[in-house]
Structures are given as C-alpha cells and as structure tokens.
Amino acid sequence: TAARFALERGAELANDKRDRLAKLAAELEVKLGVAPAPAATPAAPSDSLRELPPAAASSPAGELFELEATSLVETAATVVFAEAAPSGVPPTLPAAPPLLARAGPSVVKLISAVPVELDPAGVVLRIDGGAPSLLAWERIQAVGVGLVAGIAPKPIVVVDLALNWAEAGEDVLEVLRMRSDSFRARSLVGGEGSALEALRALLAQLLARSGGVPLPDGGSAHGLPFREFPDPSSYERDVLLQAG
C-alpha cells in the first residue's frame, strides 16, 4: 500500500526509483494475493475504449525468452518460478472468485492486441494493428493465461482479456489476445529483472487493477507456473469455453 501511494503521488521520483518501486509493489501483490489500492484517476470519457493521440503510438518489438513446454507436466516451468516464495513455502495465490452456474460460451471471437502502456484508467492497446486505444480496467471481466504450443515455432504465453465473461452465457465470448512474443513486458512494468519476472509482474497488475476472474485459476493466471497446452484449440476449450 505504501509503495502504491508513493507511485501515485510521488511525481518527483526519479524514473529508476519509480521502476524499482513498481516492480517491488507488483511482486508483493503476487506473493500476498492482494489487489493494489485504487489509483486516483482523472475523469474518464463515457466510452471506455477510446483512441489516444499519436504521441502514445510507440510500441517496442516483442521480447523472446526461453520457456520450453514440458509435455504438460510441472517440471521446468515450476523451476523457472521457484523464486516466487522462500524455499519450502508455497506462494499464497488468489483463487478465482465464484461465479453463478452457467453454460460456457459457444465460440470465442479473438482480436489481436499489443499492450503499449499501463495507464491509471486502463491499459493502452494497439487493437488489430490500429492506433493506440485505452481499454478501461472495468471492461476486463476475466484474464485467461496459458503456455500454448502450435502458434509460434516455440510455445508462447497467451494473455486473453475477456470483455464479456460475465454475460456471454452460451453466446460469443469477446477476447483481446496479447502474445508474449509481440511486446516487451519490461517496457510496461519497468524494473531490471528477467523477461519472465516482468511478464509475471504484468499479469499481477492486469489481474489486480481489473479485478478480472483469473483463468484457468489464480496460480496459472499469475504464471506460478503457467499451465501448458499442446495447441490453441485445447487452450480455448479448457480455459475460455469452460462453464462458470
């Protein structure tokens, strides 16, 4: 809480100190399973998805990192994230909040998105190659995460922002898909850690700020460890099309 308070009100903080503080806050939120204090936000326009001026258009190229599939068993992926908690102490993870029983969506409508910036009011995205737009945090109803093979030469982490998870029912689920090979997480969350640490910190912020349901579960959605899928259809069936 103190770290978030300083970040929100400490305009005089140097960039390197701000980056280290943001990283520390994100890591603590993952370990403690708590959401950050609500950020003070300026009055948002009525349309929660709005286009931003070209000045915010810069988007770095994707950052590749090694995270090999492990034949759908928790071996290498578990080792990668072993530093998330002291030795012998399992991390405390938030469970997916309960939902009313309902049938799962019948189909997923996927739209590609590349994150550009984390704003107090939402996440700035390039949607389907367009100009940067601000997606308000409250629009994100669920966050699906998985290590998926069959999309790129090596398995990549898929991060899906589900916009109508609560009301889709048996209809179409609208999803903005972010691929880990299309952006640099460190440019969004700062810090000097590895690419994997930055990606975990980004997931923690997406989940905490949006309050979205973590899919397929709290641990997997935070990458502790990532759940693995042999192909996109298996991921979508087991994560996105599941009943609430």
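Are F229 and Y235 buried or exposed? F229 is buried, and Y235 is buried too. Here buried means under 20% relative accessible area, exposed means over 50%, and partly exposed lies in between, with a 1.4 Å probe and protein chains only.

Before I go on, a word on the model. It is predicted, so local features need pLDDT of at least 70 and side-chain atom pairs count only at pLDDT 80 or more, while totals for chains, interfaces and linings use all residues. Residues are numbered from 1 along each chain as its sequence is written, and side-chain values use heavy atoms, with hydrogens and water left out.

Back to the two rings. A pair of aromatic rings is described by the distance of the centres and the angle of the planes. Rings of Phe, Tyr and Trp (its six-membered ring) pair if their centres lie within 6.5 Å; planes under 30 degrees apart are stacked, over 60 edge-to-face, and the rest tilted. The structure holds 1 aromatic pair. That pair is F229 with Y235, edge-to-face, at 5.4 Å centre to centre and 80° between the planes.

Next, the cores. In soluble globular proteins, nonpolar side chains tend to be buried together. A nonpolar core is a set of buried Ala, Val, Leu, Ile, Met, Phe, Trp, Tyr and Cys residues joined through side-chain atoms within 4.5 Å. The largest one has 31 residues, and L125, V159, L161 and L202 touch the most other members. Elements giving two or more residues to this core include β3 (122-127), β6 (156-162), β7 (172-179) and α5 (195-210). The largest share, 7 residues, comes from α5.

As for L161, contact means heavy atoms within 4.5 Å. Leaving out residues up to four places away in sequence, L161 touches, among others, V123, L125, I140, V175 and M178.

Now the charged residues. A salt bridge is a side-chain nitrogen of Lys or Arg within 4 Å of a carboxyl oxygen of Asp or Glu. By this rule the count is 5. In one of these, D160 pairs with R177, and the closest N and O atoms are 2.8 Å apart. Because D160 lies in strand β6 and R177 in strand β7, the pair ties together parts that are 17 residues apart in sequence. D160 and R177 are both buried.

R177 also forms a salt bridge with E236, with the closest N and O atoms 3.5 Å apart. E236 lies in helix α7 (residues 232-240) and R177 in strand β7, so this pair ties together parts 59 residues apart in sequence. E236 is buried, at a relative accessible area of 19%, and R177 is buried at 11%.

A further bridge joins D181 and R179, the closest N and O atoms being 2.7 Å apart. D181 is partly exposed, at 22%, and R179 is partly exposed at 30%. Salt bridges that share partners join D160, R177 and E236 into one network.

Last, two positions. E192 lies in the loop between α4 and α5 and is exposed, with 73% relative accessibility. The C-alpha atoms of E192 and D19 are 8.3 Å apart, though 173 residues separate them along the chain. L173 lies in strand β7 and is buried, at 0% relative accessibility. L173 and L240 are 67 residues apart in sequence, and 8.0 Å apart from C-alpha to C-alpha.

Methods
Helices (H or I, at least four residues) and strands (E, at least two) are DSSP runs, numbered from the N terminus.
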